[in-house]
Amino acid sequence: MTENGWDDKMAEVTEELILQLKKLIIERLKLEEVTTEDIGTDDPLFGEGLGLDSIDALELVLGLEKDYGVIIPDAEVGQKVFQSVRTIAQYVVDNRGTG
Amino acid sequence: MRREREKICFCFPGQLQERPHLPVHHPLHGDGLAREICEETLRFSGFDVLNFSFQEGDWEPYYNVKLQLTSYVISLIHYYWLQREGIFPHVIAEHSMGIYAALAASESIDFREGLLLTRDIGLVIEKWAREIGGSMCLVLGLGMDQIEGIRDRLDGYRISIANYNGSRNFVLSGLREGIDRVIPLCLDMGAVAAHRLTFSAPLHCDLMEPVRAEILGLVDRITVRELRVPVFNHMTLSFLKKEDIKPFLAGEICRPVYWEGCVRELVRRGVTWFIEVGNDDTLCKLIRWIDRGIKTTATGDPSSMGKLRPDEVSRDAS
């Protein structure tokens, strides 16, 4: 517990949410050969990691909006959010229902 | 139990955006058919695909020409691999510069004619690009009305929509300084991504009109034959006829690519499976956005060839 509440929010990122987000990535991007076990929670999603690109990012933006009511307002935020599954989860926790 | 038969569309992508990574264990190095085609490419065009360089002529500085030739050759190697596996299309679609490989696959032009057309049209385009100072950018996440609004705000920079790739996926063409202004405007409006593409020419817009006649001159040298596999025209949403091909080749660089409409119409006509024939999976991703229910496979995915089974496919166009 901290004064700014950051750690409280960090605590809300559950394994269940992480798993749901991995499923969302697989489903939205139709990654038929990939399982949730293949996606490291802290692995980079773009470039050398899962190898996603900006077209995939657009799919994920839509998926997060539909499933969690979370809006990614611009590319700058998107770059921070789509670093890894954990950063997406943190963003969902911080912004769920605000969209 | 009998498998339901698929109606297959082979899709030929446009120019690669960067030199493909072809490590020594890549099939292009080891496969006999691929090696033969690479040797033929070198012999007839002077271009060494595997080393991404011209071994003769003074074309080495033209990066986009090298990308276009690489795209053409890799697409056709993949096409011949599919044929070897007994997998044939009912119909062919193409995106932008993918037309040359599409026509060679349909046997309307032969491999060498397509190769030299790709090189020589590419050179005309590159030289014009240096004269006019053009550029292109990809914009994701904005709707058409927003894109049109930005275009209208930049009146004078001759910005055009060059590719209608999907409801929130557009490629814009224009003068270089105009594209430089488009990108931050799109990002300010909330685009998920807006970035410059490799092209130095403002393709698929009327800025290319001054080279149309020169390209027609190149196209007039080739012999066009009847298409053995129908090639879909994204502009008219109908199949290209033999007599359409030369004017199409001369005009397509001045007209947008209507990819979304093309895919929707092909699905409406019964296509059940789109196979992207090339090094990448960009068209599969575009199709995923347009119609999530449709099956797609990219031959550039190393695991895809094993998933393509002849017993699932048929040449019956019924």
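How many bridges join strand β5 of chain B to β7(B), and do the two run parallel or antiparallel? The views below come from a predicted model, and the second one has the answer.

**View 1. Here is chain B as a whole.** Chain B has 318 residues, and a compact globule of that length would have a radius of gyration near 20 Å; chain B comes in at 19 Å, which agrees. Its C-alpha trace spans about 60 × 50 × 40 Å along the principal axes. Of the residues in chain B, 49% count as buried.

**View 2. Strand β7 of chain B pairs with β5(B) and with β6(B).** Seven bridges join β5(B), residues 134-140, to β7(B), and this pair runs antiparallel. One spot to look for is B:Val139, which stands opposite B:Phe170 in β7(B). With β6(B), residues 160-166, there are five bridges to β7(B), and these strands run antiparallel as well. Here B:Ser160 has B:Ser173 as its bridge partner in β7(B). β6(B) and β7(B) make a hairpin, with two residues between them. In general, side chains in a regular strand alternate between the two faces of the sheet.

**View 3. Zoom in on how β7(B) is enclosed, and on B:Leu172.** β7(B) covers residues 169-175, and six of its seven residues are buried, so the strand is largely enclosed by the rest of the structure. What does B:Leu172 touch, leaving aside its neighbours within four places in sequence? The list includes B:Met136, B:Cys137 and B:Val139. B:Leu172 is also in contact with B:Ile159, B:Ser160, B:Ile161 and B:Ala162, and with B:Ile179 and B:Val182.

**View 4. This is the largest nonpolar core, with 119 residues.** The residues with the most contacts inside this core are B:Cys9, B:Ile92, B:Val139 and B:Leu172. Helix α3 of chain B, residues 63-84, gives the largest share of the core, nine residues. Domain 1 and domain 2 of chain B both give residues to this core, so it lies between them.

**View 5. Now for the place where the two domains of chain B meet.** Domain 1 takes in 13-124 + 225-312, while domain 2 is 134-196. Their C-alpha centres lie 26 Å apart. Where they touch, nine residues of domain 1 are in contact with seven residues of domain 2. On the domain 1 side, α10 (259-268) and α11 (282-290) of chain B each supply at least two residues. By class, that side has seven nonpolar, one polar and one charged residues.

**View 6. The last stop is where chain A touches chain B.** Which helix gives the largest share of chain A's side of this contact? First, the numbers: 13 residues of chain A are in contact with 12 residues of chain B. On chain A, α3 (54-68) and α4 (75-81) each supply at least two residues of the side that touches chain B. The largest share, seven residues, comes from α3(A). Sorted by class, the chain A side has six nonpolar, two polar and five charged residues.

Note on methods: Residues are numbered from 1 along each chain as its sequence is written. Chains are lettered from A and ligands numbered from 1 in the order in which they are written. This is a predicted model: local features need pLDDT of at least 70, side-chain atom pairs count only at pLDDT 80 or more; totals for chains, interfaces and linings use all residues. The radius of gyration is taken over C-alpha atoms; the globule rule is 2.2 Å times the number of residues to the power 0.38. A residue is buried if 20 or more other C-beta atoms lie within 10 Å of its own, exposed if 12 or fewer, and partly exposed in between; C-beta atoms are placed from the backbone. A nonpolar core is a set of buried Ala, Val, Leu, Ile, Met, Phe, Trp, Tyr and Cys residues joined through C-beta atoms within 7 Å. Helices (H or I, at least four residues) and strands (E, at least two) are DSSP runs, numbered from the N terminus. Domain bounds come from an automatic or database domain assignment. Two strands pair if DSSP finds at least two bridges between them. Ala, Val, Leu, Ile, Met, Phe, Trp, Tyr, Cys and Pro count as nonpolar, Asp, Glu, Lys and Arg as charged, and the others, Gly among them, as polar.
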